[in-house]
Each structure stands twice: as structure tokens, then as C-alpha cells.
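Please work through the following exercises with the sequence and the 3D structure at hand. Each task is followed by a solution in steps.

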Amino acid sequence: MSSITVLIVDDSEFIRQMLTEMLSGDPEIKVIGTACNPFDAREKIKQLNPDVLTLDVEMPKMDGITFLEKIMSLRPMPVIMISTLTGKGTDVAIQALQIGAVECIGKPIGNTPEVLQSFSNELCATIKKAAATKANITRARVKPVRVVSKVPRQLSVKTPKLIAIGASTGGVETLTEIIPYLPPNCPPIVITQHMPPIFTASFAKRLSTLCQFPIYEAEEGMVLKNGMACIAAGGTHLKIIRKASGLVCKVTDDAPVNNHKPSVDVTFDSVVEAVGDTTLAIILTGMGKDGAEGLLHLRQAGAHTIGQNEATCVVYWMPQAAYKIGAVIEVLPLPVI
């Protein structure tokens with residue numbers, strides 16, 4: 001099995017050396033070059049054709065976000081943003097994910113052996129995750145042509161009282177191709193997107209600026225109403241329960257499920273009991289199998305279930321896992337969804 005080849009782009013010689021040493025310790029990864037700025041990186045991408053690119057945000061001559069936009073429009077490839085993500089930086093990370101970065105991770109804060117080892121483990125795991133997207137990323141990153149019809153396509157099911165969506169790798173970009181096109185009076189929407197705690201509030205805020213209705217980070221006791229959406233907060237699980245006041249968010253600190261917190265399965269399973277057959281449930285791009293069992297339970301309860309098709313997924317694993325166990329009624333491309 002050939003190694004995953006990586007090109008490191010950072011204006012700091014110290015960071016380039018540190019990342020190289022960390023990645024060189026993993027036998028499945030090979031650093032084939034480094035670049036000190038986007039112009040240097042552009043030439044080395046042509047020469048070396050790496051599997052994965054790591055990219056800093058703040059660099060001279062051209063910032064990382066601008067360079068990422070150029071990469072995704074001219075030569076799509078798996079890109080991991082590595083930067084100090086605090087305050088303003090978190091919003092920059094969300095922007096990078098919307099443009100097409102596979103993942104964003106923060107540079108280590110501190111230099112103790114424990115901190116550096118934890119960062120090294122995260123970095124290597126993220127490189128492997130990014131490499132798994134390479135086969136699909138070229139076609140999936142190309143913005144789809146929106147399907148327009150004089151007669152809107154109708155679902156042969158009950159009008160949904162709730163829309164439940166699960167997503168992981170590639171989901172930030174994919175959600176921005178769905179949610180902004182929904183009308184202001186749509187049913188309430190709950191979204192479980194695998195994200196770290198520092199990202200979800202910024203993502204909700206940013207997505208809200210693109211939509212015809214408000215998007216919130218889910219909070220304990222939040223009542224769901226038509227014309228709103230909420231996103232599971234990173235580091236917690238989101239459940240939907242039914243009370244006299246209507247559908248209500250329940251935020252829990254339970255252990256990870258399928259190695260994720262928030263977990264799509266947790267949200268979907270709670271929706272089965274709270275809403276049941278009047279749910280429209282959608283599973284989008286992502287690694288692993290989180291959400292597959294929950295989607296199956298929703299289908300068995302009479303809900304209408306949709307899985308994103310392989311051609312428009314950055315990673316097809318989650319929709320595929322759901323399809324394989326019979327959880328998906330319809331397999332649809334992103335523009336149709």
C-alpha cells in the first residue's frame with residue numbers, strides 16, 4: 001500500500017519542520033515537500049501532485065482562504081487548514097469549510113510533550129481522513145447545476161412536521177447548498193453536523209446570514225417552530241422531545257456514540273419517538289456509519305428518508321451505510337435534494 005503524500009504550506013519554517021517531523025513518524029504518511037507561501041505551493045502542487053495539502057491561513061503575498069478558493073476552482077484536492085483558531089479565526093475556519101476544506105485543526109497551544117503528542121495524533125488521523133476523500137473530491141467540489149422545474153417535485157408522503165439532517169465530512173459546504181434555498185415558512189429543521197465545540201455557534205451564525213429564516217445553535221429547552229433551524233452544539237448530543245409546548249431540544253452530555261458527539265444516531269432516534277412518520281430525514285456526505293441505524297428506525301416508523309448519492313458526496317460512507325441496511329427510500333443528487 002503506497003503512502004499518503006502530503007505538501008505542507010506555512011510561512012513559518014519552525015511550523016513546517018514541526019509538521020514534517022510529526023507526519024514522518026507515521027509509516028502511512030510521506031511528506032513530499034513544503035512551501036512557504038501560496039505561490040511556492042502552486043508550483044510544487046504542479047510538480048509533486050500531493051494527495052493532501054495542509055494550509056495555513058495567515059501568510060504573506062496571499063492569505064490561505066484566497067488560495068483555497070483558487071485551489072477549489074482550478075484544481076480541487078483534499079485540503080486541511082492548520083491555524084490558530086480562536087475568536088475571529090473560528091469564523092475563518094467555517095469560511096474555509098464552506099469553500100471546500102476537508103477539515104480545520106488548530107495549531108498546538110503550548111509545547112509540552114502531552115500537547116504535542118495529542119496534536120500529532122489528531123494531525124495524522126486528519127491527514128488519513130482527508131486522503132480518503134480524494135477519489136470524490138474533484139467532482140463533488142464542482143458546484144452543481146441547480147435543478148429548476150416549473151412544477152416542483154412533490155413527495156408522496158405527509159407534509160413533514162420536522163426535517164432532520166445528519167452530515168459529517170463535507171457537510172458544511174453541502175448544507176450551504178440546501179438550507180438557503182428553503183422558504184421562510186418551512187417546517188423546523190434539526191441538523192447534526194459532526195463539528196468540534198468551537199465551530200458550531202459560528203457555523204449557525206454564518207449559515208443564518210445565507211437563509212430566509214434564523215439558524216441557532218441548539219440550547220436546552222429551545223422550542224422548535226416553523227421557519228427556524230437549529231444545529232447540534234459541538235461536544236454535546238441533541239435530542240428532540242415532545243412536550244405540551246411542542247417539539248423541544250434536549251441537550252445532553254452523554255458519552256460519544258459511534259465515536260461522535262454530537263451523534264446523528266442520537267438525534268434521529270429521538271425524532272422517531274417525538275415525531276415519527278411525519279419526519280423528512282436526510283443523511284448527507286460523511287465518513288463512518290453514524291446516522292444509518294437512526295435513519296433505519298425513522299423509515300420503519302414511517303418517515304420519508306433520503307440519502308445523498310455517491311457522485312455528489314465528498315465522502316459516501318454515511319449515506320452508503322444507511323443505504324446498505326435499507327434505511328434510505330430515495331437516493332438523490334445534491335441539486336435534487
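**Exercise 1: A charged patch**

Task: Determine which residues gather in a patch of negative charge on the surface, and state where Asp 63 lies.

Solution. The model under study is predicted. On its surface, the patch of negative charge is formed by Asp 11, Glu 58, Asp 63 and Glu 69. Next, locate Asp 63: this residue belongs to the loop that runs between strand 3 (52–55) and helix 3 (64–74). Finally, consider the exposure of Asp 63, whose relative accessible area is 32%. Buried means under 20% and exposed means over 50%, so Asp 63, at 32%, is classed as partly exposed.

**Exercise 2: A leucine in a loop**

Task: Is Leu 182 buried, partly exposed or exposed, and which residues beyond its neighbours within four places in sequence is Leu 182 in contact with?

Solution. Begin with the position: Leu 182 is found in the loop between helix 7 (171–175) and strand 7 (189–193). Its relative accessible area is 22%, and Leu 182 is therefore partly exposed. With neighbours within four places in sequence set aside, the contacts of Leu 182 are Ile 189, Gln 212 and Phe 213.

**Exercise 3: The surroundings of helix 10**

Task: Identify the buried residues of helix 10 and the elements against which they pack.

Solution. Helix 10 spans residues 292–300, and its buried residues are Ala 292, Gly 294, Leu 295, Leu 296 and Leu 298. Just after helix 10, Gly 302 adopts a positive phi of about 105°.

Methods. Residues are numbered from 1 along each chain as its sequence is written. This is a predicted model: local features need pLDDT of at least 70, side-chain atom pairs count only at pLDDT 80 or more; totals for chains, interfaces and linings use all residues. Side-chain values use heavy atoms; hydrogens and water are left out. Buried means under 20% relative accessible area, exposed over 50%, partly exposed in between (1.4 Å probe, protein chains only). Helices (H or I, at least four residues) and strands (E, at least two) are DSSP runs, numbered from the N terminus. Contact means heavy atoms within 4.5 Å. Patches are made of residues with over 30% relative accessible area and no salt bridge: like charges are joined within 9 Å, nonpolar side chains (Val, Leu, Ile, Met, Phe, Trp, Tyr) within 5 Å. Accessible areas come from the Shrake-Rupley method with a 1.4 Å probe; for residues, only the protein chains shown count as cover. A salt bridge is a side-chain nitrogen of Lys or Arg within 4 Å of a carboxyl oxygen of Asp or Glu. Lys and Arg count as positive and Asp and Glu as negative; His and the chain ends are not counted. The place of a charge is taken as NZ of Lys, CZ of Arg, CG of Asp or CD of Glu.
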